[in-house]
Amino acid sequence: MLATETKTAAAVNGAAKHVKMKASDVEVYYSEKRALNKISLDVREHEVTALIGPSGCGKSTFLRTLNRMNDVIEGCRVGGTILLDKQDIYDPSIDVVQLRARVGMVFQKPNPFPKSIYDNVAYGPRIHGLVRNREETDAVVQRSLERAGLWKEVKDRLHEGGTGLSGGQQQRLCIARAIAVDPEVILMDEPCSALDPIATAKIEELIDELRSNYTIVIVTHSMQQAARVSQRTAFFHLGDLVEVGDTAQIFTNPNDERTQGYITGRFG
Ligand SMILES: Nc1ncnc2c1ncn2[C@@H]1O[C@H](COP(=O)(O)OP(=O)(O)OP(=O)(O)O)[C@@H](O)[C@H]1O
């Protein structure tokens, strides 16, 4: 049997999935203040993992450890280990720019560059040397915009500014920009919080499509959103990872009373 067939059969049978990122005993300090307490979490390949919990519990801090975005915050220290496949992403030999291409990020507020739609998408592939000429760049731009569900809406205005798009379109442009450098993992920090319900529904649909090609970790304040888009949910509280499990189980039959309290709206 071919390796791909084995993998498909394993997925269908619900057998153990490949762990794409593995966090072990991750701690984060902002100066003296500890924001995360020994978090251990497996992120499975081709799944959407949702991080939920009350404000300030450390969801975004944990998300940022996965592509070393905390490195740029002064006074922030990270302990423990995080593996991408089998590689320690905090190893001194790691090129952080390459890491962030492999583990891309989409932020809360859409943040296209003040450039054309085309250049927003072409920028990453160009600086990473993934394209050699105009033809290849055109192909990457088109493919990325198609995957982000934006191509049909923008194909006749590629050279207009990205900031002239609607909020939902800008967020899909940011997703296209992340996809263009061929990432393995996409981190999303409340990607719909600035969007209306229709734009949110489009992004949620897109997230579901994207997981066949990528591994996704999403921070969300919306439990409905976590339930709709994710296969696994991790509940954080006061810097602890309280529990992680299949999304259906977390929302219907959580093990911990703090999770129960949060999902039933008793706090948070
Ligand atoms: N740059 C920073 N400097 C100092 N403390 C920070 C910084 N960023 C976050 N913190 C603190 O770390 C803790 C976790 O914050 P974090 O933003 O990760 O939580 P969160 O669960 O994502 O919250 P929210 O849902 O409100 O975005 C909080 O106590 C917060 O005040």
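A residue is called buried if 20 or more other C-beta atoms lie within 10 Å of its own, exposed if 12 or fewer do, and partly exposed in between, with C-beta atoms placed from the backbone. Arg68 is partly exposed, because 17 other C-beta atoms lie within 10 Å. Arg68 is located in the loop between H2 and strand S4 (76-84), and has a positive phi of about 60° although it is not a glycine.

The structure is a predicted model, in which local features need pLDDT of at least 70 and side-chain atom pairs count only at pLDDT 80 or more, while totals for chains, interfaces and linings use all residues. Residues are numbered from 1 along each chain as its sequence is written.

The protein chain has eleven helices and ten strands; these are DSSP runs (helices H or I, at least four residues; strands E, at least two), numbered from the N terminus. The chain is as compact as a globular protein of 268 residues, because its radius of gyration of 19 Å is close to the 18 Å of the globule rule. That radius is taken over C-alpha atoms, and the rule is 2.2 Å times the number of residues to the power 0.38. The C-alpha trace spans about 55 × 50 × 45 Å along its principal axes. Of the 268 residues, 39% are buried. Among contacts between residues at least 6 apart in sequence, 67% join residues at least 24 apart, a contact being a pair whose C-beta atoms, placed from the backbone, lie within 7 Å.

UniProt, in an unreviewed entry, places the feature "domain: ABC transporter" at residues 21-263. Over residues 21-263 the chain is 37% helix and 27% strand, and the end C-alpha atoms are 26 Å apart.

Apart from neighbours within four places in sequence, Leu187 is in contact with Leu63, Leu66, Asn67, Val103, Gly104, Met105 and Val217.

Ile52, in strand S3 (residues 48-52), is buried, with 28 other C-beta atoms within 10 Å. Ile52 and Val219 are 167 residues apart in sequence, yet their C-alpha atoms are 6.3 Å apart in space. Outside the four places on either side in sequence, the contacts of Ile52 are with Thr220, Met223, Ala226, Thr233 and Phe235.

The ligand is surrounded by Tyr30, Ala35, Gly53, Ser55, Gly56, Cys57, Gly58, Lys59, Ser60, Thr61 and Ile73. Helix H2 (residues 59-65) supplies the largest share of this shell, three residues. Here a residue is near a molecule if its C-beta atom, placed from the backbone, lies within 6 Å of it.

Two further partly exposed positions complete the description. Lys38, in strand S2 (residues 33-44), counts as partly exposed with 15 C-beta neighbours inside 10 Å. Lys38 has a positive phi of about 40° although it is not a glycine. Val131 is found in the loop between helix H4 (117-127) and helix H5 (134-147), and is partly exposed, with 18 other C-beta atoms within 10 Å. Not counting residues up to four places away in sequence, Val131 touches Pro125, Arg126, Glu136, Thr137 and Val140.

Key: Contact = placed C-beta atoms within 7 Å. UniProt positions renumbered as here; feature names shortened; annotations may be inferred.
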